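Subject: Structure handover

Hi,

Here is the structure for you to look over. My notes on it follow below.

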Amino acid sequence: MAERLLIVEDEDTLRESLKRVFIREGYEVEVSRSVEASLTMMEEQSFDLIITDIILPGLDGIELLKRCREQNPEQLIIVMTAFASLETAVEALRSGAYDYIIKPIIHEEIKRIAKNALRECSLRSENILLRKQIEDRYDFEHIVGKSKTFVSLIEEVKKIADSRSNVLLLGETGTGKELFARSIHFYSSRKDKSFIPINCSAIPDNLLESELFGYNKGAFTGAVANKRGLFEEADGGTVFLDEVGDLSQHLQAKLLRVIDDREIRPLGGVHSKKVDIRLITATNRNVAKAVADGAFREDLYYRINVIRLEIPPLRERKDDILVLAQYFLEKYAHEIGKDVRQIDDATGKILVDYRWPGNVRELQNIIERAVLISDGTVLRSEHLPEDIKISSSFIAESLDRALSIEDYTKEFITVYQNKFNEQQLADMLGITRKSLWEKRKRWGITKK
């Protein structure tokens, strides 16, 4: 739809000339020769941009500007005048004009200013819409789960979301730590500022330091210009450090300084800069054990562990499995364009009985795949991967045979060692990789 302009000018020749220019550019254009007539027109219709002269019969353009801004603070207005003065320009801009142009009017110049104003307004509106969509997406109402443990966790998060305190999120891979971090940010007074997530294990140590702190020109080979770090970019907002347990001792010391002093110093810089950030960290490691082993600084651990939230694995939230599965089914059915609407009882039982070593992320991927290959309105067991069905049947068979814990573990390792890697197998059994290796050695189980 064409953008609508209102031109307010008492000089007939200029008014009609500007009207023709903007109509040729594809705009819908209305014209007026006085403020009073313009205000009447604005009661009946809205305009994307108003271009007004300052010197007009009756009320002047500055008064029009003020009244427009009272009715609509976002109204775009460009002011024209033949009597250029610094005082007039300052008054117009202070009253909310987008720009100020001096007569005689050059058509190319006023077209450029109008185009820039409308583009900037469009981007601002789009940004507001996107931010609202993001806020809605990470609202606590959109975190799916009905189990008592999960509902209690959400209530706890709501209580601490708007504090300045650092938060440590603990949980296995795929439990939704970043989702909770984003929800904390968007539920806080910092929601209009940046949320910057950083995966500490995905970036090499030397590169991570320059990403976090930035650098000055000449700090190292290839540093041809100054670069702001992510801590500085997040000033006033939230920084989410995922896998914080993987930070090197060197970066742990620098992070400790940021938390204590609330300031950062770019690489190669001599002056520190104050930053106001809320720090949320997360890890799937046992940080307390890492502290005891000397792999993680004890003083840093106490700084980041002001508020600790433990996100339970999906296998401990069995009441949520079918709720999440239905949520993902509806989501992907809509996105992919399939008519699948429900999960049959047998498939639901398989999903509930499975241990979900990859947690919610694994469930999400499996439901997406199942929806993609489904051909009806019901999701059935044949749409699930074989290893999930085998795992479910193995548990049922083990219960029927009344296996001891040792026999169950031995048979589980034998059956699944070629289907899962060492870490997944250990996670599924609820043991460490070292313990898994020791059991193999004791029972003489070799990998094929």
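Contact here means heavy atoms within 4.5 Å. Keep in mind that this is a predicted model.

Helix packing comes first. In α17, E406, T409, K410 and I413 meet L436, K439, R440 and W443 of α19. Helix α17 covers residues 405-416 and helix α19 covers residues 433-443. Their axes come within 11 Å and cross at roughly 95 degrees. Angles of 65 to 115 degrees count as roughly perpendicular, and α17 and α19 are therefore roughly perpendicular to each other.

One more set of contacts belongs here. K254 sits in helix α10, residues 249-261. Leaving out residues up to four places away in sequence, K254 touches E209, F213, R265 and L267. K254 and R265 are eleven residues apart in sequence. Their C-alpha atoms are 9.6 Å apart in space.

Next, the charged pairs. Side chains of opposite charge can pair when their charged atoms come close. How many salt bridges does a search of the whole structure find? The count is 31.

E25 forms a salt bridge with K111, with the closest N and O atoms 3.3 Å apart. E25 lies in the loop between α1 (12-24) and β2 (28-32), and K111 lies in helix α5 (residues 107-137), so the pair ties together parts that are 86 residues apart in sequence. E25 is partly exposed, at 44% relative accessibility. K111 is buried, at 18%; the cut-off for buried is under 20%.

D276 pairs with R190 in a salt bridge, and here the closest N and O atoms are 2.9 Å apart. This pair links distant parts of the chain, 86 residues apart. D276 is in the loop between β12 (273-274) and β13 (278-283). R190 is in the loop between α7 (177-186) and β7 (195-199). D276 counts as partly exposed at 31% relative accessibility, whereas R190 is buried at 9%.

R380 and D344 also meet through their side chains in a salt bridge, at 3.7 Å from N to O. R380 lies in the loop between β16 (378-379) and α16 (386-401), and D344 in the loop between β15 (342-343) and α14 (345-353), so this pair ties together parts that are 36 residues apart in sequence. R380 is partly exposed, with a relative accessible area of 37%. D344 is buried, with 19%.

As for the network, salt bridges that share partners join R228, E232, E233 and K273.

Now the backbone. Which residues does a cis peptide bond join? The bond runs between K103 and P104, with omega about 0 degrees. P104 is found in the loop between β5 (99-102) and α5.

Two entries have positive phi in a residue other than glycine. Phi of W356 is near 50 degrees. W356 is in the loop between α14 and α15 (359-373). Phi of N359 is near 60 degrees, and N359 is in helix α15. Are they buried or exposed? W356 counts as buried, at 0% relative accessibility. N359 counts as buried, also at 0%.

Last, the surface. I336, L372 and I373 make a nonpolar patch of about 250 Å². I336 is in helix α13, residues 318-336. With a relative accessible area of 33%, I336 is partly exposed. Patch residues need over 30% relative accessible area, so I336 at 33% passes that cut-off.

Best wishes

How values were computed. Residues numbered from 1 in each chain as written. Predicted model: local features only at pLDDT ≥ 70, side-chain atom pairs only at ≥ 80, totals over all residues. Heavy atoms only, no water. Patch = residues over 30% accessible without salt bridge, like charges linked within 9 Å, V, L, I, M, F, W, Y side chains within 5 Å. Areas by Shrake-Rupley, 256 points an atom, 1.4 Å probe, with all protein chains shown as cover. Salt bridge = Lys/Arg side-chain N within 4 Å of Asp/Glu carboxyl O. Helix = DSSP H or I, 4+ residues; strand = E, 2+ residues; numbered from the N terminus. Buried < 20%, exposed > 50% of the residue type's maximum accessible area, 1.4 Å probe, protein only. Axes fitted to C-alpha atoms, helices over the stretch in contact; angles between N-to-C directions. Parallel < 35°, antiparallel > 145°, perpendicular 65-115°, else oblique.
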